[in-house]
Amino acid sequence: MTFVIKVESLSKNFGRVQAVKGVSFSVEKGEIFGIIGPNGAGKTTTLEMIEGILKPDSGSIDVLGLTPNRQLQQLNQQIGVQFQSASIQKKMKVKEALDLFAAFYPGEARKAQLVEMLGLEEKMNVRFENLSGGWKQRVTLALATLHQPEIVFLDEPSMGLDPHARRELWTLIRKLRDQGSTIVLTTHYMEEAEQLCDRVAMIYSGELRALDRPSALLEKSGGQLITFQSRDIPYVKLRSIPGVVKVDKEDDTFKVYSDDLQLTSYHIFTYCHQENLSLMHFQFAKGTLEDLFVHYLEKEEAE
Amino acid sequence: MIVVWKLAQLETKMFFRDRLSVFWTFLFPVVMIWLFGSMFGNNIEGNFSFAALFIPSWIGVNIVTTSFFTLGTVLASYRETGVLRRYQSTPLQPWKILAAHTVQGTVIFLCSALLLLVFGMLMYDLEIPVYAGSTLAALFLSIAAFFPFALLITSLAKNTQSAAAISSLFLNLMIFLSGATFPLEMMPEVLQYTAKILPLYYVIELLRGTWNEAPIFEYGFEVFVLIGISVFSTILAARFFRWSDR
(Lines give C-alpha, C1' and ligand atoms only; values in the text may rest on other atoms or scores of the structure.)
Protein backbone atom coordinates (compact mmCIF):
# COMPACT_ATOMS: atom_id res chain seq x y z
CA MET A 1 0.00 0.00 0.00
CA THR A 2 1.21 3.49 -0.80
CA PHE A 3 0.43 6.29 1.55
CA VAL A 4 0.03 9.79 0.24
CA ILE A 5 -0.65 11.30 3.66
CA LYS A 6 0.72 10.21 6.99
CA VAL A 7 -0.26 12.07 10.13
CA GLU A 8 1.20 11.24 13.52
CA SER A 9 0.14 12.50 16.97
CA LEU A 10 -1.09 15.76 15.54
CA SER A 11 -2.14 18.44 18.04
CA LYS A 12 -3.25 22.03 17.76
CA ASN A 13 -4.42 24.53 20.36
CA PHE A 14 -6.16 27.83 19.86
CA GLY A 15 -5.43 29.66 23.06
CA ARG A 16 -6.75 27.37 25.77
CA VAL A 17 -8.95 25.35 23.47
CA GLN A 18 -7.45 22.06 22.35
CA ALA A 19 -8.83 21.83 18.83
CA VAL A 20 -6.95 18.66 17.83
CA LYS A 21 -5.46 16.18 20.30
CA GLY A 22 -2.96 13.57 19.20
CA VAL A 23 -4.61 12.47 15.97
CA SER A 24 -2.85 9.82 13.83
CA PHE A 25 -3.93 8.28 10.54
CA SER A 26 -2.77 7.74 7.01
CA VAL A 27 -4.48 8.05 3.66
CA GLU A 28 -3.84 5.58 0.86
CA LYS A 29 -3.32 6.56 -2.73
CA GLY A 30 -6.53 6.53 -4.74
CA GLU A 31 -9.03 6.33 -1.92
CA ILE A 32 -11.83 8.63 -0.89
CA PHE A 33 -11.05 9.36 2.73
CA GLY A 34 -13.62 11.02 4.94
CA ILE A 35 -13.02 12.96 8.13
CA ILE A 36 -16.33 12.96 9.93
CA GLY A 37 -17.58 14.47 13.14
CA PRO A 38 -20.01 17.06 14.45
CA ASN A 39 -19.54 20.78 13.82
CA GLY A 40 -16.61 22.11 15.80
CA ALA A 41 -15.03 18.67 16.26
CA GLY A 42 -11.70 19.72 14.77
CA LYS A 43 -12.21 18.45 11.22
CA THR A 44 -11.37 21.67 9.43
CA THR A 45 -8.41 22.36 11.72
CA THR A 46 -7.01 18.91 10.96
CA LEU A 47 -7.52 19.44 7.24
CA GLU A 48 -5.89 22.87 7.25
CA MET A 49 -2.81 21.53 9.00
CA ILE A 50 -2.50 18.86 6.31
CA GLU A 51 -2.92 21.54 3.63
CA GLY A 52 -0.09 23.50 5.24
CA ILE A 53 -2.17 26.57 6.05
CA LEU A 54 -2.04 26.01 9.79
CA LYS A 55 1.09 25.10 11.66
CA PRO A 56 0.65 22.15 14.04
CA ASP A 57 1.71 22.60 17.68
CA SER A 58 3.11 19.11 17.80
CA GLY A 59 3.13 15.90 15.79
CA SER A 60 4.28 15.25 12.25
CA ILE A 61 2.62 15.42 8.85
CA ASP A 62 3.93 13.94 5.63
CA VAL A 63 2.04 14.75 2.45
CA LEU A 64 3.56 13.30 -0.74
CA GLY A 65 6.92 13.30 1.02
CA LEU A 66 6.64 16.99 1.94
CA THR A 67 6.20 18.79 5.25
CA PRO A 68 3.17 20.95 4.45
CA ASN A 69 3.75 24.14 6.41
CA ARG A 70 7.42 24.29 5.44
CA GLN A 71 7.13 23.31 1.79
CA LEU A 72 3.82 24.92 0.98
CA GLN A 73 4.91 26.20 -2.41
CA GLN A 74 5.84 22.73 -3.68
CA LEU A 75 2.84 21.15 -2.03
CA ASN A 76 0.45 23.60 -3.67
CA GLN A 77 1.58 22.40 -7.10
CA GLN A 78 0.31 18.94 -6.29
CA ILE A 79 -2.82 19.46 -4.25
CA GLY A 80 -6.16 21.09 -4.94
CA VAL A 81 -8.29 22.59 -2.21
CA GLN A 82 -11.94 23.47 -2.01
CA PHE A 83 -12.50 25.57 1.10
CA GLN A 84 -15.67 25.56 3.11
CA SER A 85 -16.33 29.27 3.05
CA ALA A 86 -13.71 30.72 0.73
CA SER A 87 -15.02 31.99 -2.54
CA ILE A 88 -13.81 33.86 -5.58
CA GLN A 89 -14.43 37.43 -6.65
CA LYS A 90 -18.17 38.11 -6.96
CA LYS A 91 -17.93 39.84 -10.29
CA MET A 92 -15.64 37.32 -11.92
CA LYS A 93 -17.14 35.25 -14.71
CA VAL A 94 -16.75 31.48 -14.65
CA LYS A 95 -14.66 31.58 -17.80
CA GLU A 96 -12.32 34.18 -16.34
CA ALA A 97 -11.91 32.26 -13.10
CA LEU A 98 -10.93 29.10 -14.99
CA ASP A 99 -8.43 31.05 -17.12
CA LEU A 100 -6.89 32.74 -14.11
CA PHE A 101 -6.49 29.62 -12.04
CA ALA A 102 -5.15 27.68 -15.01
CA ALA A 103 -2.38 30.29 -15.25
CA PHE A 104 -1.27 29.51 -11.69
CA TYR A 105 -0.01 26.08 -12.66
CA PRO A 106 2.74 25.13 -15.05
CA GLY A 107 1.75 22.89 -17.91
CA GLU A 108 -1.49 22.46 -19.74
CA ALA A 109 -4.58 22.71 -17.55
CA ARG A 110 -7.42 20.37 -18.42
CA LYS A 111 -9.96 23.15 -18.72
CA ALA A 112 -11.99 21.72 -21.58
CA GLN A 113 -12.27 18.33 -19.97
CA LEU A 114 -13.51 19.77 -16.68
CA VAL A 115 -15.95 22.13 -18.34
CA GLU A 116 -17.51 19.16 -20.07
CA MET A 117 -17.46 16.91 -17.03
CA LEU A 118 -19.01 19.51 -14.75
CA GLY A 119 -21.42 20.81 -17.39
CA LEU A 120 -20.09 24.35 -17.02
CA GLU A 121 -20.44 25.26 -20.71
CA GLU A 122 -23.77 27.11 -20.27
CA LYS A 123 -22.46 29.08 -17.28
CA MET A 124 -19.16 30.28 -18.73
CA ASN A 125 -20.29 33.91 -19.02
CA VAL A 126 -22.15 34.08 -15.72
CA ARG A 127 -20.65 36.03 -12.84
CA PHE A 128 -19.89 34.04 -9.70
CA GLU A 129 -22.35 36.12 -7.62
CA ASN A 130 -25.22 35.08 -9.91
CA LEU A 131 -24.67 31.33 -9.59
CA SER A 132 -26.73 29.11 -7.31
CA GLY A 133 -25.08 27.19 -4.48
CA GLY A 134 -24.75 24.01 -6.50
CA TRP A 135 -23.10 25.77 -9.43
CA LYS A 136 -20.76 27.71 -7.17
CA GLN A 137 -19.70 24.39 -5.70
CA ARG A 138 -19.03 23.03 -9.19
CA VAL A 139 -16.95 26.04 -10.16
CA THR A 140 -14.79 25.90 -7.04
CA LEU A 141 -14.43 22.16 -7.57
CA ALA A 142 -13.20 22.85 -11.10
CA LEU A 143 -10.72 25.44 -9.79
CA ALA A 144 -9.40 22.93 -7.27
CA THR A 145 -8.83 20.22 -9.85
CA LEU A 146 -7.66 22.09 -12.97
CA HIS A 147 -4.09 20.86 -12.61
CA GLN A 148 -5.10 17.23 -12.00
CA PRO A 149 -3.75 17.27 -8.46
CA GLU A 150 -2.47 14.19 -6.67
CA ILE A 151 -4.71 14.96 -3.71
CA VAL A 152 -7.96 16.90 -3.67
CA PHE A 153 -9.12 18.33 -0.33
CA LEU A 154 -12.80 19.11 0.01
CA ASP A 155 -14.02 20.83 3.17
CA GLU A 156 -17.74 20.13 3.64
CA PRO A 157 -18.33 19.92 -0.11
CA SER A 158 -22.06 19.31 0.10
CA MET A 159 -22.89 21.91 2.72
CA GLY A 160 -26.05 23.74 1.75
CA LEU A 161 -26.76 21.63 -1.33
CA ASP A 162 -30.16 20.08 -1.96
CA PRO A 163 -30.30 16.25 -2.05
CA HIS A 164 -30.23 16.12 -5.84
CA ALA A 165 -27.22 18.41 -6.17
CA ARG A 166 -25.53 16.44 -3.41
CA ARG A 167 -25.91 13.18 -5.31
CA GLU A 168 -24.56 14.77 -8.48
CA LEU A 169 -21.59 16.02 -6.50
CA TRP A 170 -20.87 12.49 -5.24
CA THR A 171 -20.83 11.23 -8.82
CA LEU A 172 -18.35 13.96 -9.74
CA ILE A 173 -16.12 13.19 -6.77
CA ARG A 174 -16.06 9.51 -7.74
CA LYS A 175 -15.13 10.50 -11.29
CA LEU A 176 -12.23 12.60 -9.99
CA ARG A 177 -11.01 9.62 -8.02
CA ASP A 178 -11.30 7.39 -11.09
CA GLN A 179 -9.13 9.89 -12.96
CA GLY A 180 -6.36 9.27 -10.47
CA SER A 181 -6.74 11.73 -7.60
CA THR A 182 -6.87 10.80 -3.95
CA ILE A 183 -9.78 12.55 -2.26
CA VAL A 184 -9.81 13.77 1.35
CA LEU A 185 -13.07 15.31 2.48
CA THR A 186 -14.73 16.42 5.68
CA THR A 187 -18.42 16.09 6.27
CA HIS A 188 -20.95 16.04 9.03
CA TYR A 189 -23.50 14.25 6.85
CA MET A 190 -23.17 10.62 7.85
CA GLU A 191 -25.02 9.46 4.77
CA GLU A 192 -22.37 11.11 2.64
CA ALA A 193 -19.59 9.35 4.48
CA GLU A 194 -21.35 6.01 4.15
CA GLN A 195 -22.13 6.32 0.45
CA LEU A 196 -19.00 8.02 -0.74
CA CYS A 197 -16.00 7.23 1.44
CA ASP A 198 -13.76 4.18 1.26
CA ARG A 199 -12.55 4.86 4.77
CA VAL A 200 -13.55 7.30 7.44
CA ALA A 201 -11.85 8.83 10.45
CA MET A 202 -14.34 9.82 13.09
CA ILE A 203 -13.26 12.85 15.09
CA TYR A 204 -15.01 14.12 18.16
CA SER A 205 -13.78 16.95 20.39
CA GLY A 206 -10.41 16.87 18.69
CA GLU A 207 -9.75 13.17 19.20
CA LEU A 208 -9.79 10.30 16.74
CA ARG A 209 -12.58 7.95 17.84
CA ALA A 210 -12.73 5.43 15.02
CA LEU A 211 -10.90 4.73 11.77
CA ASP A 212 -12.05 2.13 9.27
CA ARG A 213 -14.22 1.32 6.27
CA PRO A 214 -17.79 2.50 6.93
CA SER A 215 -19.11 -1.07 6.64
CA ALA A 216 -16.47 -2.38 9.05
CA LEU A 217 -17.29 0.34 11.54
CA LEU A 218 -20.92 -0.69 11.40
CA GLU A 219 -20.09 -4.31 12.10
CA LYS A 220 -18.37 -3.30 15.29
CA SER A 221 -20.12 -2.52 18.53
CA GLY A 222 -23.04 -0.20 18.47
CA GLY A 223 -23.43 -0.58 14.77
CA GLN A 224 -25.61 -3.66 15.05
CA LEU A 225 -29.13 -3.73 16.26
CA ILE A 226 -32.30 -5.70 16.73
CA THR A 227 -35.67 -4.24 15.92
CA PHE A 228 -39.03 -5.60 17.03
CA GLN A 229 -42.47 -4.55 18.09
CA SER A 230 -43.92 -5.26 21.47
CA ARG A 231 -46.61 -3.68 23.53
CA ASP A 232 -45.68 -4.96 26.94
CA ILE A 233 -41.95 -5.23 27.36
CA PRO A 234 -40.63 -2.57 29.79
CA TYR A 235 -37.88 -0.23 28.60
CA VAL A 236 -35.93 -0.49 31.84
CA LYS A 237 -35.82 -4.27 31.58
CA LEU A 238 -34.37 -4.08 28.08
CA ARG A 239 -31.58 -1.80 29.22
CA SER A 240 -30.46 -4.40 31.77
CA ILE A 241 -30.23 -7.28 29.29
CA PRO A 242 -26.62 -8.44 28.64
CA GLY A 243 -24.92 -6.92 25.62
CA VAL A 244 -27.34 -4.02 25.24
CA VAL A 245 -25.70 -0.69 24.53
CA LYS A 246 -28.68 1.52 23.86
CA VAL A 247 -32.43 1.24 23.42
CA ASP A 248 -34.59 3.50 21.30
CA LYS A 249 -38.37 3.28 21.58
CA GLU A 250 -40.90 4.78 19.21
CA ASP A 251 -44.51 3.81 19.93
CA ASP A 252 -44.39 0.01 19.95
CA THR A 253 -41.20 -0.29 17.94
CA PHE A 254 -37.93 -0.90 19.73
CA LYS A 255 -34.43 -0.51 18.39
CA VAL A 256 -31.94 -2.35 20.58
CA TYR A 257 -28.25 -1.70 19.89
CA SER A 258 -26.03 -4.49 21.11
CA ASP A 259 -22.43 -5.56 20.94
CA ASP A 260 -23.48 -9.23 21.03
CA LEU A 261 -26.62 -9.82 19.00
CA GLN A 262 -26.86 -13.53 19.75
CA LEU A 263 -26.59 -13.12 23.50
CA THR A 264 -29.00 -10.21 23.60
CA SER A 265 -31.56 -12.02 21.43
CA TYR A 266 -31.35 -15.09 23.61
CA HIS A 267 -32.09 -13.04 26.72
CA ILE A 268 -34.92 -11.12 25.10
CA PHE A 269 -36.58 -14.35 23.94
CA THR A 270 -36.11 -16.04 27.31
CA TYR A 271 -37.50 -13.08 29.18
CA CYS A 272 -40.52 -12.76 26.91
CA HIS A 273 -41.15 -16.49 27.12
CA GLN A 274 -41.04 -16.50 30.94
CA GLU A 275 -43.24 -13.43 31.25
CA ASN A 276 -45.51 -14.56 28.45
CA LEU A 277 -45.04 -11.34 26.45
CA SER A 278 -45.56 -11.15 22.71
CA LEU A 279 -42.83 -10.10 20.29
CA MET A 280 -43.52 -9.18 16.68
CA HIS A 281 -41.43 -8.41 13.58
CA PHE A 282 -38.25 -9.42 15.33
CA GLN A 283 -35.25 -8.87 13.05
CA PHE A 284 -31.54 -8.19 12.94
CA ALA A 285 -30.75 -4.93 11.28
CA LYS A 286 -27.72 -3.02 10.16
CA GLY A 287 -27.31 0.39 11.68
CA THR A 288 -26.23 3.46 9.81
CA LEU A 289 -23.17 5.56 10.45
CA GLU A 290 -25.54 8.09 11.89
CA ASP A 291 -26.65 5.61 14.57
CA LEU A 292 -23.06 4.76 15.28
CA PHE A 293 -22.17 8.39 15.48
CA VAL A 294 -24.94 9.23 17.92
CA HIS A 295 -23.91 6.19 19.90
CA TYR A 296 -20.37 7.52 20.26
CA LEU A 297 -21.62 10.94 21.23
CA GLU A 298 -23.91 9.54 23.90
CA LYS A 299 -21.18 7.37 25.29
CA GLU A 300 -19.02 10.47 25.45
CA GLU A 301 -21.62 12.47 27.32
CA ALA A 302 -22.31 9.63 29.74
CA GLU A 303 -18.64 9.43 30.71
CA MET B 1 4.87 37.64 -14.54
CA ILE B 2 2.12 36.47 -16.90
CA VAL B 3 0.02 35.73 -13.85
CA VAL B 4 0.52 39.22 -12.42
CA TRP B 5 -0.52 40.73 -15.72
CA LYS B 6 -3.52 38.43 -16.07
CA LEU B 7 -4.74 39.11 -12.55
CA ALA B 8 -4.23 42.87 -12.95
CA GLN B 9 -6.22 42.80 -16.19
CA LEU B 10 -9.05 40.83 -14.59
CA GLU B 11 -9.21 43.06 -11.55
CA THR B 12 -9.35 46.13 -13.79
CA LYS B 13 -12.20 44.59 -15.76
CA MET B 14 -14.05 43.79 -12.55
CA PHE B 15 -13.54 47.34 -11.32
CA PHE B 16 -15.42 48.65 -14.33
CA ARG B 17 -18.24 46.17 -13.68
CA ASP B 18 -18.92 47.91 -10.38
CA ARG B 19 -20.88 51.08 -11.20
CA LEU B 20 -20.42 52.62 -7.77
CA SER B 21 -16.65 52.55 -7.84
CA VAL B 22 -16.66 53.92 -11.38
CA PHE B 23 -18.83 56.80 -10.19
CA TRP B 24 -16.67 57.67 -7.17
CA THR B 25 -13.38 57.35 -9.00
CA PHE B 26 -14.20 58.99 -12.31
CA LEU B 27 -17.35 61.07 -12.14
CA PHE B 28 -17.31 62.38 -8.58
CA PRO B 29 -14.08 64.43 -9.00
CA VAL B 30 -15.34 65.87 -12.29
CA VAL B 31 -18.62 66.90 -10.67
CA MET B 32 -16.77 68.42 -7.69
CA ILE B 33 -14.44 70.43 -9.90
CA TRP B 34 -17.37 71.64 -11.91
CA LEU B 35 -19.17 72.70 -8.70
CA PHE B 36 -16.17 74.50 -7.27
CA GLY B 37 -15.51 75.96 -10.68
CA SER B 38 -18.95 77.50 -10.87
CA MET B 39 -18.57 78.87 -7.33
CA PHE B 40 -15.24 80.62 -7.69
CA GLY B 41 -13.91 79.77 -11.08
CA ASN B 42 -13.27 83.38 -11.96
CA ASN B 43 -12.26 85.00 -8.74
CA ILE B 44 -9.23 83.15 -7.52
CA GLU B 45 -6.67 85.48 -6.02
CA GLY B 46 -2.99 85.15 -6.77
CA ASN B 47 -0.99 84.22 -9.80
CA PHE B 48 -2.65 81.00 -10.76
CA SER B 49 -5.91 80.12 -12.40
CA PHE B 50 -8.63 78.04 -10.76
CA ALA B 51 -7.78 75.02 -12.89
CA ALA B 52 -4.06 75.24 -12.23
CA LEU B 53 -4.74 74.95 -8.51
CA PHE B 54 -7.76 72.66 -8.38
CA ILE B 55 -7.02 70.02 -10.96
CA PRO B 56 -3.63 68.97 -9.57
CA SER B 57 -5.26 68.81 -6.11
CA TRP B 58 -8.08 66.60 -7.28
CA ILE B 59 -5.64 64.35 -9.05
CA GLY B 60 -4.00 64.11 -5.63
CA VAL B 61 -7.35 63.35 -4.00
CA ASN B 62 -7.85 60.59 -6.54
CA ILE B 63 -4.66 58.92 -5.34
CA VAL B 64 -6.35 58.73 -1.94
CA THR B 65 -9.60 57.41 -3.42
CA THR B 66 -7.79 54.77 -5.44
CA SER B 67 -5.54 53.61 -2.64
CA PHE B 68 -8.21 53.48 0.05
CA PHE B 69 -11.14 52.19 -1.97
CA THR B 70 -9.89 50.44 -5.09
CA LEU B 71 -7.04 48.83 -3.18
CA GLY B 72 -7.59 48.87 0.58
CA THR B 73 -11.30 48.25 0.88
CA VAL B 74 -11.36 45.72 -1.95
CA LEU B 75 -8.55 43.72 -0.39
CA ALA B 76 -10.33 43.90 2.98
CA SER B 77 -13.43 42.44 1.34
CA TYR B 78 -11.30 39.75 -0.33
CA ARG B 79 -9.94 38.93 3.08
CA GLU B 80 -13.42 38.71 4.56
CA THR B 81 -15.01 36.65 1.79
CA GLY B 82 -12.10 34.23 1.54
CA VAL B 83 -10.80 35.24 -1.88
CA LEU B 84 -7.29 35.66 -0.45
CA ARG B 85 -7.57 32.37 1.40
CA ARG B 86 -8.47 30.65 -1.82
CA TYR B 87 -5.18 31.89 -3.32
CA GLN B 88 -3.27 30.51 -0.35
CA SER B 89 -3.59 26.94 -1.56
CA THR B 90 -2.37 27.66 -5.07
CA PRO B 91 1.24 28.15 -6.17
CA LEU B 92 0.53 31.88 -6.60
CA GLN B 93 3.02 33.78 -4.43
CA PRO B 94 1.63 36.52 -2.17
CA TRP B 95 3.77 39.29 -3.68
CA LYS B 96 2.24 38.61 -7.09
CA ILE B 97 -1.23 39.29 -5.74
CA LEU B 98 -0.09 42.61 -4.29
CA ALA B 99 1.82 43.44 -7.45
CA ALA B 100 -1.26 42.77 -9.57
CA HIS B 101 -3.41 44.99 -7.37
CA THR B 102 -0.77 47.72 -7.46
CA VAL B 103 -0.70 47.59 -11.26
CA GLN B 104 -4.51 47.69 -11.37
CA GLY B 105 -4.66 50.61 -8.94
CA THR B 106 -2.04 52.54 -10.92
CA VAL B 107 -3.85 51.99 -14.21
CA ILE B 108 -7.18 53.12 -12.78
CA PHE B 109 -5.59 56.14 -11.14
CA LEU B 110 -3.81 57.16 -14.35
CA CYS B 111 -7.09 56.90 -16.26
CA SER B 112 -8.80 59.15 -13.75
CA ALA B 113 -5.91 61.64 -13.82
CA LEU B 114 -6.05 61.74 -17.60
CA LEU B 115 -9.80 62.33 -17.47
CA LEU B 116 -9.31 65.28 -15.10
CA LEU B 117 -6.55 66.69 -17.26
CA VAL B 118 -8.68 66.57 -20.40
CA PHE B 119 -11.70 67.94 -18.54
CA GLY B 120 -9.61 70.81 -17.19
CA MET B 121 -8.15 71.62 -20.59
CA LEU B 122 -11.55 71.63 -22.27
CA MET B 123 -13.53 73.50 -19.62
CA TYR B 124 -11.05 75.72 -17.82
CA ASP B 125 -8.14 76.27 -20.22
CA LEU B 126 -5.83 74.22 -18.04
CA GLU B 127 -2.27 74.11 -19.32
CA ILE B 128 -0.19 70.97 -19.21
CA PRO B 129 2.37 70.87 -16.37
CA VAL B 130 5.36 73.17 -16.73
CA TYR B 131 7.68 70.43 -15.50
CA ALA B 132 5.83 67.41 -16.90
CA GLY B 133 8.58 64.92 -15.99
CA SER B 134 8.61 66.25 -12.42
CA THR B 135 4.83 66.01 -12.17
CA LEU B 136 4.95 62.43 -13.39
CA ALA B 137 7.69 61.59 -10.89
CA ALA B 138 5.62 63.28 -8.17
CA LEU B 139 2.61 61.14 -9.14
CA PHE B 140 4.53 57.88 -8.91
CA LEU B 141 6.12 58.91 -5.63
CA SER B 142 2.67 59.70 -4.24
CA ILE B 143 1.40 56.31 -5.38
CA ALA B 144 4.37 54.61 -3.75
CA ALA B 145 3.53 56.42 -0.50
CA PHE B 146 -0.23 56.04 -0.52
CA PHE B 147 -0.81 52.49 -1.74
CA PRO B 148 1.04 50.79 1.13
CA PHE B 149 -0.25 53.42 3.56
CA ALA B 150 -3.87 52.61 2.65
CA LEU B 151 -3.21 48.86 2.72
CA LEU B 152 -1.79 49.22 6.19
CA ILE B 153 -4.68 51.31 7.53
CA THR B 154 -7.42 49.13 6.00
CA SER B 155 -5.77 45.91 7.14
CA LEU B 156 -6.45 47.07 10.68
CA ALA B 157 -10.17 46.84 9.94
CA LYS B 158 -12.07 43.75 11.03
CA ASN B 159 -14.33 43.58 8.01
CA THR B 160 -15.31 45.28 4.77
CA GLN B 161 -17.72 47.72 6.41
CA SER B 162 -15.20 49.02 8.88
CA ALA B 163 -12.55 49.21 6.14
CA ALA B 164 -14.94 51.32 4.09
CA ALA B 165 -15.75 53.48 7.11
CA ILE B 166 -12.07 54.09 7.88
CA SER B 167 -11.46 54.89 4.22
CA SER B 168 -14.32 57.40 4.08
CA LEU B 169 -13.07 59.08 7.22
CA PHE B 170 -9.54 59.46 5.84
CA LEU B 171 -10.79 60.61 2.45
CA ASN B 172 -13.09 63.28 3.90
CA LEU B 173 -10.52 64.52 6.37
CA MET B 174 -7.97 64.89 3.65
CA ILE B 175 -10.30 66.42 1.07
CA PHE B 176 -11.23 69.25 3.39
CA LEU B 177 -8.18 69.73 5.55
CA SER B 178 -5.19 69.20 3.28
CA GLY B 179 -5.76 72.27 1.18
CA ALA B 180 -7.10 70.29 -1.75
CA THR B 181 -10.43 72.07 -1.84
CA PHE B 182 -10.29 75.04 0.48
CA PRO B 183 -7.16 77.16 0.56
CA LEU B 184 -5.33 76.64 3.84
CA GLU B 185 -4.87 80.39 4.23
CA MET B 186 -8.62 80.68 4.80
CA MET B 187 -8.42 78.35 7.79
CA PRO B 188 -7.65 79.01 11.48
CA GLU B 189 -4.06 78.42 12.50
CA VAL B 190 -4.80 75.15 14.33
CA LEU B 191 -6.20 73.61 11.16
CA GLN B 192 -3.23 74.80 9.16
CA TYR B 193 -1.00 72.78 11.45
CA THR B 194 -3.38 69.82 11.31
CA ALA B 195 -3.08 69.83 7.53
CA LYS B 196 0.63 69.20 7.81
CA ILE B 197 0.17 65.88 9.57
CA LEU B 198 -2.05 64.64 6.76
CA PRO B 199 -0.01 62.88 4.06
CA LEU B 200 -2.16 64.30 1.29
CA TYR B 201 -0.91 67.80 2.13
CA TYR B 202 2.55 66.89 0.82
CA VAL B 203 1.15 65.24 -2.30
CA ILE B 204 -0.82 68.37 -3.11
CA GLU B 205 2.07 70.72 -2.46
CA LEU B 206 4.24 68.63 -4.73
CA LEU B 207 1.68 68.26 -7.52
CA ARG B 208 0.65 71.92 -7.54
CA GLY B 209 4.26 72.99 -7.34
CA THR B 210 5.60 70.87 -10.17
CA TRP B 211 2.54 71.61 -12.27
CA ASN B 212 2.93 75.39 -12.01
CA GLU B 213 6.22 76.53 -10.56
CA ALA B 214 9.34 74.44 -10.14
CA PRO B 215 10.89 71.02 -10.84
CA ILE B 216 10.66 68.25 -8.24
CA PHE B 217 14.15 68.68 -6.74
CA GLU B 218 13.11 72.03 -5.34
CA TYR B 219 10.63 70.22 -3.09
CA GLY B 220 13.15 68.24 -1.07
CA PHE B 221 11.12 68.26 2.12
CA GLU B 222 7.88 67.01 0.49
CA VAL B 223 9.80 64.31 -1.38
CA PHE B 224 11.52 63.30 1.85
CA VAL B 225 8.21 63.02 3.75
CA LEU B 226 6.59 60.93 1.01
CA ILE B 227 9.57 58.57 0.74
CA GLY B 228 9.41 58.22 4.53
CA ILE B 229 5.72 57.35 4.45
CA SER B 230 6.34 54.90 1.62
CA VAL B 231 9.16 53.01 3.35
CA PHE B 232 7.51 53.07 6.74
CA SER B 233 4.12 51.82 5.55
CA THR B 234 5.56 49.21 3.18
CA ILE B 235 7.44 47.63 6.06
CA LEU B 236 4.46 47.77 8.41
CA ALA B 237 1.96 46.65 5.76
CA ALA B 238 4.11 43.62 4.95
CA ARG B 239 4.47 42.89 8.65
CA PHE B 240 0.75 43.08 9.43
CA PHE B 241 -0.67 41.64 6.23
CA ARG B 242 -3.14 38.82 6.86
CA TRP B 243 -4.62 36.38 4.37
CA SER B 244 -7.71 35.66 6.42
CA ASP B 245 -9.55 36.93 9.46
CA ARG B 246 -8.48 34.13 11.69
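Mentor: Begin with contact: two residues are in contact if their C-beta atoms, placed from the backbone, lie within 7 Å. Note also that this model is predicted.

Trainee: What covers the buried residues of helix 5 of chain A?

Mentor: The cover includes strand 5 (79-82), helix 3 (94-104), helix 4 (111-118), strand 6 (151-155) and helix 6 (163-178) of chain A. Among the buried residues of helix 5 are A:Val139, A:Leu141 and A:Leu143.

Trainee: How many residues does helix 5 of chain A have, and what span does it reach?

Mentor: Helix 5 runs over residues 133-145 of chain A, 13 residues, and reaches 18 Å from its first C-alpha to its last, close to the 18 Å expected.

Trainee: Which residues touch the most other members of the largest nonpolar core?

Mentor: A nonpolar core joins buried residues through C-beta atoms within 7 Å. In this core of 133 residues, they are A:Ala97 and A:Ile183. Helix 3 (residues 50-81) of chain B gives the largest share of the core, 18 residues. Apart from it lies another core, of eight residues, including A:Phe254 and A:Val256.

Trainee: How is chain A divided into domains?

Mentor: Chain A has domain 1 (3-214) and domain 2 (224-286). Their centres, taken over C-alpha atoms, are 42 Å apart.

Trainee: How many residues of chain B are in contact with chain A?

Mentor: On chain B, 18 residues are in contact with 21 residues of chain A. Helix 1 of chain B gives the largest share of chain B's side, seven residues. That side divides into eight nonpolar, five polar and five charged residues.

Notes. Residues are numbered from 1 along each chain as its sequence is written. Chains are lettered from A and ligands numbered from 1 in the order in which they are written. This is a predicted model: local features need pLDDT of at least 70, side-chain atom pairs count only at pLDDT 80 or more; totals for chains, interfaces and linings use all residues. Helices (H or I, at least four residues) and strands (E, at least two) are DSSP runs, numbered from the N terminus. Ala, Val, Leu, Ile, Met, Phe, Trp, Tyr, Cys and Pro count as nonpolar, Asp, Glu, Lys and Arg as charged, and the others, Gly among them, as polar. The expected span of a helix is 1.5 Å times one less than its number of residues. A residue is buried if 20 or more other C-beta atoms lie within 10 Å of its own, exposed if 12 or fewer, and partly exposed in between; C-beta atoms are placed from the backbone. Domain bounds come from an automatic or database domain assignment.
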